[in-house]
Amino acid sequence: MNSKRTFALVKPGAVRKNHYGEIIYLITKAGFSLKAMKMVQLSMIDAQRFYAVHEGKEFYERLTKFISSGPVVALVLEKENAIEEFRKLIGSTDPAQAEEGTIRKLFGESVTMNAVHGSDCPENAVKEWSFFFAQKEILD
Ligand code: DAT
Ligand code: MG
């Protein structure tokens with residue numbers, strides 16, 4: 001079941017600019033169904049925990065400041081091969097390198113402010129959605 005699910009986050013830049021409706025529309029149009037959704041603002045401590053795997057990297061402080069700078073929309077998504085399919089839909093980490101039509105190409109502003117997050121493996125997907133959602137907030 002878990003390989004059919006991924007965790008996604010619409011990041012502050014895209015929420016601030018009111019792009020989240022269109023982003024969620026593109027996600028559902030691409031065949032994902034929503035299993036959980038909420039809008040929250042992370043504290044700096046939350047952001048450091050969420051991105052703990054990147055601790056020590058040159059961009060860590062920029063990244064955690066940005067992700068805690070405004071509301072985010074957290075999503076649990078379901079589709080066959082969800083993780084890979086979602087990463088295809090969002091495109092490369094750097095919006096400038098992302099393919100035409102991808103969400104990061106359309107809405108990303110820079111490598112830090114790249115509009116969306118998508119999990120990179122099933123273990124991280126579970127960890128990431130558990131950070132945002134209680135079990136009972138996720139649909140079967
Ligand atoms: P992805 O989000 O595509 O999985 P990642 O896990 O390598 O990319 O990095 C997490 C986030 O950190 C990424 O979405 C944006 C930021 N980031 C990555 N590399 C960066 C860099 N070289 N400069 C600035 N921010 C970077
Ligand atoms: Mg990643």
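Q: What makes up the shell around ligand 1 in terms of nonpolar, polar and charged residues?
A: In this predicted model, the shell divides into three nonpolar, four polar and four charged residues. The residues around ligand 1 include F59, L63 and V111, and Phe, Leu and Val count as nonpolar. K11, R62, R87 and R104 are also among the residues around the ligand; Lys and Arg count as charged.

Q: Why is H54 counted among the residues around ligand 1?
A: A residue is counted if one of its heavy atoms lies within 4 Å of the molecule. H54 is listed around ligand 1, together with T93, T112 and N114.

Q: Which distances apply to K11 and R87?
A: For K11, a side-chain N or O atom is 3.1 Å from an oxygen atom of the ligand. For R87, a polar side-chain atom lies 3.0 Å from a ligand oxygen. Of the 510 Å² of accessible area that ligand 1 has on its own, the protein covers 79%.

Q: Why is ligand 1 said to take up the largest pocket?
A: The test is that more than half of a molecule's atoms lie within 2 Å of the pocket's grid points. The space taken by ligand 1 is the largest pocket, so ligand 1 passes that test.

Q: What lines the largest pocket, and which element supplies the largest share?
A: The lining has 25 residues, with Y51, V53, H54, L63 and H117 nearest the centre. They divide into eight nonpolar, eight polar and nine charged. The largest share, four residues, comes from α7. The pocket holds about 580 Å³ of space.

Methods. Residues are numbered from 1 along each chain as its sequence is written. Chains are lettered from A and ligands numbered from 1 in the order in which they are written. This is a predicted model: local features need pLDDT of at least 70, side-chain atom pairs count only at pLDDT 80 or more; totals for chains, interfaces and linings use all residues. Side-chain values use heavy atoms; hydrogens and water are left out. On a 1 Å grid over the protein atoms alone, a cavity is a set of points where a 1.4 Å probe fits but cannot get out, and a pocket is an open set with protein on both sides within 12 Å along at least five of seven lines; lining residues have an atom within 4 Å of a point. Grid points are joined across faces, edges and corners, and a volume is the space filled by probe spheres set on the points. Helices (H or I, at least four residues) and strands (E, at least two) are DSSP runs, numbered from the N terminus. A polar contact is a pair of N or O atoms within 3.5 Å; within protein, one must be able to donate a hydrogen and the other to accept it, and residues adjacent in sequence count only if both atoms are side-chain atoms. Accessible areas come from the Shrake-Rupley method with a 1.4 Å probe; for residues, only the protein chains shown count as cover.
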